[in-house]
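Please look over the sequence and the structure below, and keep both in view while reading the briefing that follows.

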Amino acid sequence: MSTENALLTILIDKINNDTLVLPTLPEIAVRVRQAADDPEVNLMQMSEVISHDPALAARMIKVANSAFLGRTVKVNTLNQAVTRIGLRQVKNVATAMAMEQLFVSQNKLIKTYMDKAWQKTLKVACQAITTMDFYLRINKHTSLNKDTITLASLVFNIGVLPILTEAENHPEVFANPSFLAHAIQKLGGRIGGAIMREWGFTEEFVEVAESWANPNYKPGHVCYVDFIRVGAIVEGILQVSDKAAALHIYEEKGVLGSVDMFYDDAYQDMLNDIKAAFS
């Protein structure tokens, strides 16, 4: 058995036996989520929790000032940022912002893969969030919302992490990068769903992680998976034979007002603002 096939077998066995080591949610994200779930918590207390991570606090202010939230008056303090974002939204926004902490490694080669994976995630996320913003302008009574897509679009590819970590223990597989791509394509969704369940996330996040790259998953209703797929198609991360035709499917479904929206100045302005919020 080749090294690549052996590693793939190891991964599958560990998944089936529930022994694959899954990444843990960053500590600051755990604390924020616990605080948000406390019915007694107030905005001042939430600000105090977030303030223990200066980088996260700075990013929360950046998000609060972004056009993504539709505000023009700038906030300057964390308390103001949390107040603007709101307790319900801050749970998912703060968790999303903490995701980058997971894409790190002491191994230089692994770090390269991690960096590339995170940059791909950001590209898809910015497209998905922008597309959602335009969708919500037309569909005002949908249950879909910005704070959920913000987090969903930053965890959709979380399944790559255990694969890269496992591969780190078998350096010889890095001689064949196409193997890693194959392993991620074959197992990434399954592992991603397992991580979402392990973290106690709701089914909509499990659905995104498990199904975004599955061509056989075609829900009849508009869901968060659609926006992740649109972002991945636009960025060339979800490979399709005809990008225009693939996007037209989402126009017919009602996810996109028009495929021409991606070229509009208003869309590009919003996209750039969201990119700046995550930079």
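Helix 9 is mostly covered, with seven of its nine residues buried, where buried means under 20% relative accessible area, exposed means over 50% and partly exposed lies in between, all for a 1.4 Å probe and protein chains only. The model is a predicted one, in which local features need pLDDT of at least 70 and side-chain atom pairs count only at pLDDT 80 or more, while totals for chains, interfaces and linings use all residues. Residues are numbered from 1 along each chain as its sequence is written, and side-chain values use heavy atoms, with hydrogens and water left out.

- The buried residues of helix 9 are Val160, Leu161, Pro162, Ile163, Leu164, Glu166 and Ala167; helices here are DSSP runs of H or I with at least four residues, strands are runs of E with at least two, and both are numbered from the N terminus.
- Helix 8 is likewise mostly covered, since nine of its ten residues are buried, and these are Asp147, Thr148, Ile149, Thr150, Leu151, Ala152, Ser153, Leu154 and Val155.

**The largest pocket**

- The largest pocket has a volume of about 1,100 Å³; a pocket is found on a 1 Å grid over the protein atoms alone, as an open set of points with protein on both sides within 12 Å along at least five of seven lines, whereas a cavity is a set of points where a 1.4 Å probe fits but cannot get out.
- Of the 38 residues that line this pocket, Trp212, Ala213, Ile237, Leu238 and Gln239 are the closest to its centre, and a residue counts as lining if it has an atom within 4 Å of a point.
- For the volume, grid points are joined across faces, edges and corners, and the space counted is that filled by probe spheres set on the points.
- Two or more lining residues come from each of helix 7 (108-138), helix 9 (160-168), helix 10 (177-198), helix 11 (203-211), helix 12 (224-234) and helix 13 (243-253), and helix 10 gives the most, with eight residues.
- The lining divides into 22 nonpolar, eight polar and eight charged residues, where Ala, Val, Leu, Ile, Met, Phe, Trp, Tyr, Cys and Pro count as nonpolar, Asp, Glu, Lys and Arg as charged, and the others, Gly among them, as polar.

**Aromatic rings**

- The count comes to seven aromatic pairs, under a rule that pairs rings of Phe, Tyr and Trp (its six-membered ring) if their centres lie within 6.5 Å, and that calls planes under 30 degrees apart stacked, over 60 edge-to-face and the rest tilted.
- Phe156 and Trp212 form an edge-to-face pair, at 4.8 Å centre to centre and with 90° between the planes.
- This pair links distant parts of the chain, 56 residues apart, with Phe156 in the loop between helix 8 (146-155) and helix 9, and Trp212 in the loop between helix 11 and helix 12; both Phe156 and Trp212 are buried.
- The pair of Phe262 and Tyr267 is edge-to-face because the ring centres are 5.2 Å apart and the planes stand at 80°.
- Phe262 counts as buried at 8% relative accessibility, and Tyr267 is buried with a relative accessible area of 0%.
- Ring pairs join Phe134, Phe262 and Tyr267 into a cluster.
- The charged end of Arg137 sits over the ring of Phe134, 4.0 Å from its centre, a description that requires NZ of Lys or CZ of Arg to be within 6 Å of the ring centre and within 35 degrees of the ring normal.

- Asp18 lies in the loop between helix 1 (3-16) and helix 2 (27-36), and Asp18 counts as exposed because its relative accessibility is 70%.
- The phi of Asp18 is near 60°, a positive value in a residue other than glycine.
- Most residues other than glycine have a negative phi.
- Val206, in helix 11, counts as buried at 1% relative accessibility.
- Val206 and Asp18 are 188 residues apart along the chain, and their C-alpha atoms are separated by 17 Å.
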